[in-house]
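Please examine the fold shown below before reading on.

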Amino acid sequence: MSYKALVRSNVKNAFNLVRDLAEDVILQKSSDIDFDFSTGVLLDDAGETQLPIKAVIIENKKKSTKVNAIERQILFSTEFLGDVNAYDVVYIKDTHDETKMVAWKFGPKIIDNGYIMFANIYRELTNG
């Protein structure tokens, strides 16, 4: 067994061991718009792409001093994602209403080693 396969297997086992600490979230990437130079036409793929995955959310709820937003961290396996930079929104269950999903924007990726990603996510708060 190669080391890459061993690491992937252990990452999968780790996410299975955290059980209810991992939540079901949905990663979303916007449509890719491409340009066909031969015809001069913008090509749009099938729209938005969503991917349900398991992730561990760290509930620190730090408030930003610059804007009215809160910050959390998210940890998930990158095994089936492809390019993680293509995803710009993560939907997480609302803490007050578990039937609703709330959109969070990705911030800087702290760790992205090809096996796991640990990143900051932000959500702007509404006044009122």
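Which residues line the largest cavity? Arg8, Val11, Lys12, Ser77, Glu79, Gly114 and Tyr115 form its lining. The model is a predicted one, in which local features need pLDDT of at least 70 and side-chain atom pairs count only at pLDDT 80 or more, while totals for chains, interfaces and linings use all residues. Residues are numbered from 1 along each chain as its sequence is written, and side-chain values use heavy atoms, with hydrogens and water left out.

The overall architecture comprises 1 helix and 8 strands, arranged from the N terminus as α-β-β-β-β-β-β-β-β. Helices (H or I, at least four residues) and strands (E, at least two) are DSSP runs, numbered from the N terminus. Of the 128 residues in the protein, 27% are buried; buried means under 20% relative accessible area, exposed over 50%, and partly exposed in between (1.4 Å probe, protein chains only).

Empty space can be located by rolling a probe the size of a water molecule over the atoms. On a 1 Å grid over the protein atoms alone, a cavity is a set of points where a 1.4 Å probe fits but cannot get out, whereas a pocket is an open set with protein on both sides within 12 Å along at least five of seven lines; lining residues have an atom within 4 Å of a point. Grid points are joined across faces, edges and corners, and a volume is the space filled by probe spheres set on the points. The whole structure holds 1 cavity of 30 Å³ or more, and the volume of the largest cavity is about 30 Å³. Helix α1 gives the most to its lining, with 3 residues.

The largest pocket has a volume of about 290 Å³. Its lining includes Val11, Lys12, Phe15, Arg19, Lys54 and Phe80. Both α1 and β4 supply at least two residues each, and α1 gives the most, with 4.

Arg19 is found in the loop between α1 and β1 and counts as exposed because its relative accessibility is 63%. Most residues other than glycine have a negative phi. Arg19, although not a glycine, has a positive phi of about 40°.

Lys54 forms a salt bridge (a side-chain nitrogen of Lys or Arg within 4 Å of a carboxyl oxygen of Asp or Glu) with Asp24, and the closest N and O atoms are 3.2 Å apart. This pair links distant parts of the chain, since Lys54 belongs to strand β4 (residues 49-63) and Asp24 to strand β1 (residues 22-29), 30 residues apart. Lys54 is partly exposed at a relative accessible area of 45%, and Asp24 is likewise partly exposed at 42%. By this rule the count comes to 1 salt bridge.

Strand β5 (residues 69-77) is mostly covered, with 7 of its 9 residues buried. Strand β5 pairs with strand β8 (residues 116-124) in the antiparallel sense over 9 bridges; two strands pair if DSSP finds at least two bridges between them. Within this pairing, Gln73 has Asn120 of β8 as its bridge partner.

Met1 lies in the segment before α1 (3-17) and counts as exposed because its relative accessibility is 83%.
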